[in-house]
Amino acid sequence: MQERGDSTMPLTRSHIKGLIMDLVMAGMDTTAVTSEWVMAELIKHPDMMRRVQQELNEVIGTDNVVEESHLSRLRYLSAVVKEAMRLHPAAPLMLPRTPSETSTLGGYSVPKGTRVLVNMWAIERYPENWENPTEFNPERFLTNDRKWDFSGNDFHFFPFGSGRRICPGAPFADRMLMYGLATLLHSFNWRLPDGAELDLAEKFGMVLRKADPLVLVPTPRLSKAALSSSLSSKFQDTIFT
């Protein structure tokens, strides 16, 4: 398209760079780093790991494989994922916004054309909104007094943004996170390598990574036949790096 110079749909180098950023950062990095944070927190809290695996055993069994139909019944795993997104938001400053006209927000004048960054990392750790905000506590998402979802209507917890610019891939990301984590946690037990220590230090950037990548050792939980079926059906076309 760029070489043809299509006048009705021009494709510049900036467009190509934007598309690649969307694919790599929004479509892959965010899901990968959130999965890493979930696994790191479960390693730090082995009682939560056991509770997740117990739920997986009850919902799926030990001679079956994870299917998409199981995901809605994995309430505790869903709470763990949401708590990881709260404490370790994949996009700590969200995506920049630029107002089309001068506005007043919270008593402050925001001039037209200003680049605005929303500090999601601080919002989701704000002590007036969250009890023990630095504590990893999935149970806070199991209460019925508030509806914790990704619709962007609750401004204490909106990891995918809000309004008409909310992340269009939120439902897909939620399912992929749950699907991948459920399969890995159902199929294997996980531990740190001998002599290794867990460090939850963060590396700030457009995507919030662990300062030191997580390295874990898996041990099969399922029978050989069930494990082989689980992995071949889920990841036969996936390359892990």
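Start by selecting His70 in this predicted model: His70 sits in the loop that runs between helix H2 (46-60) and H3. Its relative accessibility is 9%, below the 20% cut-off, so His70 counts as buried. Show the contacts next: leaving out residues up to four places away in sequence, His70 touches Val59, Ile60, Asn64 and Val65.

Move on to helix H3, residues 75-87. With 13 residues at 1.5 Å a residue, H3 should span 18 Å, and the distance between its end C-alpha atoms is 18 Å, so the two agree. Colour the helix by accessibility: 12 of the 13 residues are buried, which leaves H3 mostly covered. Among the buried ones are Tyr76, Val80, Glu83 and Arg86.

Arg86 lies over the face of Trp130, 5.1 Å from the ring centre. Trp130 has 4% relative accessibility and therefore counts as buried.

Now display the aromatic rings; the structure holds 5 aromatic pairs. One of them is Trp130 with Phe157: the ring centres are 6.4 Å apart and the planes stand at 75 degrees, so this pair is edge-to-face. The two residues are 27 apart in the chain, and both lie in the loop between helix H4 (120-123) and helix H5 (170-187). Phe157, at 1% relative accessibility, counts as buried.

Finish at Phe188 and Trp190, an edge-to-face aromatic pair with 5.6 Å centre to centre and 65 degrees between the planes. Phe188 has a relative accessible area of 12%, so Phe188 is buried.

Notes:
Residues numbered from 1 in each chain as written. Predicted model: local features only at pLDDT ≥ 70, side-chain atom pairs only at ≥ 80, totals over all residues. Heavy atoms only, no water. Helix = DSSP H or I, 4+ residues; strand = E, 2+ residues; numbered from the N terminus. Expected span 1.5 Å × (residues − 1). Buried < 20%, exposed > 50% of the residue type's maximum accessible area, 1.4 Å probe, protein only. Contact = heavy atoms within 4.5 Å. Phe/Tyr/Trp six-rings, centres within 6.5 Å; stacked < 30°, edge-to-face > 60°. Lys NZ or Arg CZ within 6 Å of the ring centre and 35° of its normal.
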